[in-house]
Structure formats: C-alpha cells, structure tokens
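The following exercises concern a single protein chain. Each task is followed by a solution in steps.

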Amino acid sequence: MPDGKVSPDNYRGWLYKWTNYIKGYQKRWFVLSNGLLSYYRTQAEMAHTCRGTINLASATVDTLDSCSFVIGKGGTQTYYLRAANEVDRQKWVTALGLAQAKAIKMLESSDDEGEPRSPVSETVKALKALGEKAHELKTYNELVSKHAQMMYGIIAELDRSAAASGTSGKQIQEKATLFKISASGMVNACGEFLNLARSYEGRWQKTFEAEREQRRRLEETVESLAREHNRLEERCMKESTSTGNLAPSNIDEDDGEEEEEENEDENEFFDAEENLDETISTSEPPPKDVSIFIPGHSRSVSDVSVGAPSPAEMNEPLGPLSPVMEPTVAAVAAQKLSGVSGNRALIPPFTLSDGDVGRATKRRVVIAPKPNCRLNLWSLMKNCIGRELSKIPLPVNINEPLSFTQRIVEDLEYADILVAAAKCDNSLEQLAHVAAFTISSYANTSARTGKPFNPMLGETFEFDDTGNTGWRALAEQVGHHPPETAMHAEHKEWLFWQDYIMGSKFRGQYLQIIPQGCAHLIFHRTGNHYFYKRGVISTVHNIIVGRLYVDQSGEFDIVNHTTNEKCHIKYYPYSYFSREEPKKVTAVVCDAHNIPRYYVFGTWDRQVQYAKIRGNLPVYTPTTKRANIQTETPIVIWQRTPPKPTADTMYGLNAFACSLNEPEEGIASTDSRLRPDQRLMEDGDYDSANGKKLELEEKQRARRREREARLTKEWTSAGHKDKPPLGPDAGWTATWFKKEVDPLTNLPTHTYKGGYWEMKKGGEWNGLPVIF
C-alpha cells in the first residue's frame, strides 16, 4: 500500500512489476521523488542499490485496466506495473501525473534564456507569491461570508413563508452552512501551508549557503591549480632558456636534487580549523619564515627545522650497536615493568648492528604503463553482493601489481616522521608526530582504486632500505581465513610491528575495507611504547557507475603506555552537503590527566600540521563541545610527496610504491616479488596472469586438504572418535612470526621470532615452504 498523501515530491509504496514470462509480475518497492520514479527489490536496498530509474519529464503514463498501468519512454524503457487494487492504481496514476507536470515545468523553466537567478531570491519570491495568494483567498472568504449572510436572510424569509404555507427550507440552510465551513477550511489550510513554507526558509538558506561555499572552494581550487600551472610553465621556460634547450629537462624523483624554491603557499599558515565542534584559533600571526620539515625531501623550507633531523643527521652512518636480538613482546614488557620505569632508556638494543646496514640503493620510480584491458565489472560483481571479497575468485584486471604484504610495508613510506619523533624530548609532541605518521599511511589511497593481490599463506616480503633511510621491514601472511598479515620494522631509533586483519564487504555501488588488528611502536631513547587499534574504514565509491574514488572515515586512539598519554584521531567522511574540507582529519593530544595539550589537523592526502594549545582546558571527551581554544603557530609535521604526472597510467602508484615490486637477487623464495601471476600482470600479460593466479590458488587449496588429512589421521590415531577441530588454517605455522598475548593490552599479536636477516646474510634459505 502506498504511504502518505498523494504528492509529486515524495510518494512511495509496493507495486508489482513485470519481469519476464517465467517469473511474471514481481513485488518491488517504488519511490517517486523529484520527477524520478525508482524501484528496489526491498526497502533496505534504498541505502545502496537502485534497480532502475525513469525520468517522468520525457515519459508517458497509460492505464491498461482497473489495476494495471504502463510507464514508457520512447520504447527504450518501459515499466509494466500492477497495483493491489483500483484505489491504489488511481493514487499512483494521480501522483505520477502531478510529478510529470512538475518535472516538465521545471525542465521548461531551466531552458529559459536569461541571467541565472539566486536560489535564495527565488525562495523569497515564492513565499511572496504564496502570501499574495493567501491574501486573495482571504478576500474571497470575506465575500463568501458576506454573501452567506445575505443568503441566510433570504433563507429566513423563505422559512417564514414556508411556515405559513406548511413547507420547510431546512435543506437549503444546511447546504449554505456546509459551503461556509468548506470555504473557511480552505483559507485555514492555505494559511497553514504558508506558515510551513516560512518555517523551512531557514533550512533552505542554510542549504543554499553550503552549496555556495562548496562552489567557492571549487573555484579557489581551480584558481590555485591555474596559478601552479603558470608557475611551472614559467619555471620550465626559465630552465629551457638557461640550458639552451627547446624543452625542459626531465627531473628524476629519486635523484634528490630538486631545486628549492620559495612558494607563498608553503609559507602560509591558517588558524586551526574546527575540531569536534570546537573553535580553534591562533593567538599570534605566524612568522614569515616558519620551519617546516617535509618528509621525503632532502631539505626543509628554512635552514632551521623544528623537531626534524638535518640532512647530515639523516645520512649519518649508524653507530655501533649490539648484535641482533629479537625478544618477544612479553620479554620487552617484562623488562619495562620490572623497575626500569625510572630510566626508560634501558630498552634492550635489539635492532640493527653495523654489519646489517646495507648499501645505498637507487630504486626504480616507474613501471610499465597499464594496458587498456576492458572488463565488464557489473557482470562479474552482481552475484557477489554481500559476500566476503577475499573468498571471491577475481581476475587480475581489477588488481594493482602489488601484494598486500607489500602494501602494508608501504605504510612506512614516510618513516622519517618517526626519526623526527625520536628526537623529541617532549612526549606529547612526540605523540603528535606519531599521529601524523599514522595519517601519512593513507596518503596515496585516494588515487589507488586497484585491489592488491591476496597473499598466499606463508608469502613474505622484505624491504631493506637501511642504506638510504636507515630502516628495514619484513612482512608475512600469517593467516588466510580471514586474511592476516604481520609486519616487523626496525631502525636504530625505533621499533614498529603490527597485525592487519582485512575484512571487506561489497555492497553494490561501494566496497568497504574494514580493518582489524593493532600496531606497536617503541622509541629506544625514551622508552615510550605507543599502541593503537586500526579503526579507519576505507570505502571505494562508484564501483558500478561513476568515477571511482576512495574515502576514509572512522576514529581511534593512540595510547602511550609508558606515560598514559593519549591521542584521539578522527577521519571525517566525505559528504556533498558538508561544510567540512574534503578528506579532513583532526587529532587531539591529551596528557596523562586527559587534558588537551596539542591539536593536530590537516588532510590525509596532502599535509598535517600540529599546534600547541594555550591554557588549561577541561577533561577531554570526543563528544564534549568546546569553544575559543587558543593555539600557538601551527607547524607542518608531514607533507605528501607529489606523484609523477604519469601515475594514472601506472595504477596510481607513486615512486615509492613502484620500487616495492622491483626484482632483487638473494631474496627468499616466498617473497612477493617472485610471485609469477603478479609479475605477469606488471608485464601486461593479463591472460597468462589470470591462468597462473587460478593455478596458485588451486595449489593452496590442495596444501590445505593435505594438512587437514594429516591432522585427521593424527587425531584418529590418538583414539578420538569425533571429528578433529579443524580451522581454516589448521596445521599451519608461520615461519618468521609467532602469536602471543601482549601483556600490556591483553590482546593477541604476532611478534618477529628473528633469524630472517641472518639467513639472508648467509645466502642459504633452508626449510621455507613452497607456495609459488
């Protein structure tokens, strides 16, 4: 049954739609709004999947019988519909007729020539017209009342005459009374409508102002891009003139010899923006030359950087350290909690030794362009709605040439933020740097719409960059159902390890990546131990129709277990009607008493700044509203390294991501760079890559069946008569990581067992599983 009154603005209800000769009429939920008729299988589908839409402005509505009618659009689109009864059909036909008339009128008005009119002025004009019409109706009501009085007089004379003649005029008097009541009701209804329209005036104005602000931001963005384009053209012309060439020379992203130039936009700072309904402002204007450390670049904007190492410090050789020792989380925590809290510098030296430092390596910064291979994504995905993405066999056409073991190591692209954080004596300032580091891991996701390869169980990836940036990392796929990746990274200043459990849901028009797992970070000099759970959901929009884009949303806390200080981070979801800056992220750094001390803000795809909060504030909670918070001059902690102009042709990969799958000799046989289907895809041979991918997946299923058969045999041999408790990854043991409970958080985590780099140094890989 349709709900509500007949209205061209919003009308909805159940109808039966003709599908085919096999299924006949099927029950569907129809929604009529703004001249468009859409339908869904269920009411719940309105949130994510529309089955079809027809524009009534160019359609015809015809009735077939007492319950059926048809909506056609020039033969290209026709809906044969049936209502439950004749009354419902008439309501739908009336609503469709009103909506069609309104849609045609709006279409004709939009085609009129002339200057565009302001939506606010149009609203005021409409309200004025309604007021005039209401006044006109009141005038008619007065006339009706006047004539009614005259009619009552005539009726009274008729009554007296009727009494004398023995007849009655009672019926005429009742009709006149009903007429007067109807006229008064009509005027009252018009007055109520006018009052209701006036009550919505404020909401319309807010909506129009938000739309105007969005347009203003877009114009500013386009203007800034134009200025940047002109500046680059002038720079290229100057370089061409100075070198005598007709075209500017190519600049390699990896040579580290980019010219330092003064840019007004880089030295310009703004007041900290709104965070959790609070107003943040700076109490003093920023200086003309503000120190900025930009990770990924060899120089800072000024000669003195704040909280950042100098180029000499970044490239200095690593000092003598003890041999490699890899204790478990329990061992580290036990030493920290056994009386060393007064001297936090006693964290055991279990990172790089002199013999482990590699040579400086120049890595590749580009890969072969992506071939133009079309794929009917809808025909592939329509039967996968609501299923776990990791359990769906997908072709490599929708992938990028990286495995998820490589993608998780990519989180450390801006690891130099941690080097700067290690030099901070203030633990709160250090926590602000850690927050910026977690934000930087999402920097490249906005342009990365390809899906990474699901790693084989036991697949590994190493990235040794000790000769360039001083850190190295090892990742291993430690679980397959659900997919779980463990990663361990080390530097002479810090130690970082994390688990990433990926959950994903395909919902028709968008795909959600729902992360789980936790991360740990320890700074050796201060002993500060930071911990956070992954709470940011990545959403890929417009899977079926429209241009793909990725958005991040969610909240989580970073906790310093050494000092009990905390940082609350919030990623704001994108909304077309929101006044917030797209891709906005904010963070509030609080001391051990939960008092806000630092404010971190920016965008997760461009840059992040932090500022010290002036004065003492109340205890912080994410839902508390505050105002008039004063901060000192903001300082840039992190700024994204811009990708190459050709990144779109390379799956959206920047220079660092391109280096991850570069072939290397002497690596383990389980390394992702030796995965044949991934290598074939990068080389552009999609057909062979798809065949090899299916072959590897079938081999993995065969290995799982062998493990289950072996465990079943052992279970039966032990005298058990019931079925063995077999899990998805039963019988599998990770090679380089072991699972244990973190004593600080009481949560399971995977820690590095050690031995990988020693085995690589020896040149012999013994006992590794065969997975490719």
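**Exercise 1.** Which residues point one way from S9, which point the other way, and are they buried or exposed?

*Solution.* The model is predicted: local features need pLDDT of at least 70, side-chain atom pairs count only at pLDDT 80 or more, and totals for chains, interfaces and linings use all residues. Residues are numbered from 1 along each chain as its sequence is written, and side-chain values use heavy atoms, with hydrogens and water left out.

Step 1. Helices (H or I, at least four residues) and strands (E, at least two) are DSSP runs, numbered from the N terminus. Strand S9 covers residues 399-403.

Step 2. On one side of S9 point Asn399, Pro401 and Ser403; Glu400 and Leu402 point the other way.

Step 3. Buried means under 20% relative accessible area, exposed over 50%, and partly exposed in between (1.4 Å probe, protein chains only). By this rule, 5 of the 5 residues of S9 are buried.

**Exercise 2.** Determine how S9 pairs with strand S10.

*Solution.* Step 1. Two strands pair if DSSP finds at least two bridges between them.

Step 1. S9 and S10 (residues 451-453) are joined by 2 bridges, and their pairing is parallel.

Step 2. Within this pairing, Phe453 of S10 is the residue opposite Ser403.

**Exercise 3.** Describe the hairpin formed by S11 and S12.

Step 1. Strand S12 (residues 471-480) pairs with S11 in the antiparallel sense, over 6 bridges. Glu462 has Leu474 of S12 opposite.

Step 2. Between the two strands lie 5 residues, and in this turn Gly470 has a positive phi of about 90°.

**Exercise 4.** Why does Ile667 count as buried, and which residues is Ile667 in contact with?

*Solution.* Step 1. Ile667 is located in the loop between helix H11 (655-660) and helix H12 (676-682).

Step 1. Ile667 is buried because its relative accessible area is 9%.

Step 2. Contact means heavy atoms within 4.5 Å. When neighbours within four places in sequence are left aside, Ile667 is in contact with Glu462, Arg673, Leu674 and Trp765.

Step 3. Ile667 and Glu462 are 205 residues apart along the chain, and 7.9 Å separates their C-alpha atoms.

**Exercise 5.** State the strand order of the open sheet of 7 strands and identify its edge strands.

*Solution.* Step 1. The order is S4-S3-S2-S1-S7-S6-S5, with antiparallel pairing.

Step 1. The edge strands are S4 (52-55) and S5 (60-63), each of which pairs on one side only.

Step 2. Strand S6 (residues 68-72) and strand S7 (residues 78-82) run antiparallel and are joined by 5 bridges. Phe69 is placed opposite Leu81 in S7.

**Exercise 6.** What are the numbers of helices and strands in the chain, and what share of its residues is buried?

*Solution.* Step 1. The chain contains 14 helices and 27 strands.

Step 1. Of its 772 residues, 43% are buried.

Step 2. Among contacts with a separation of 6 or more, 60% are between residues 24 or more positions apart.
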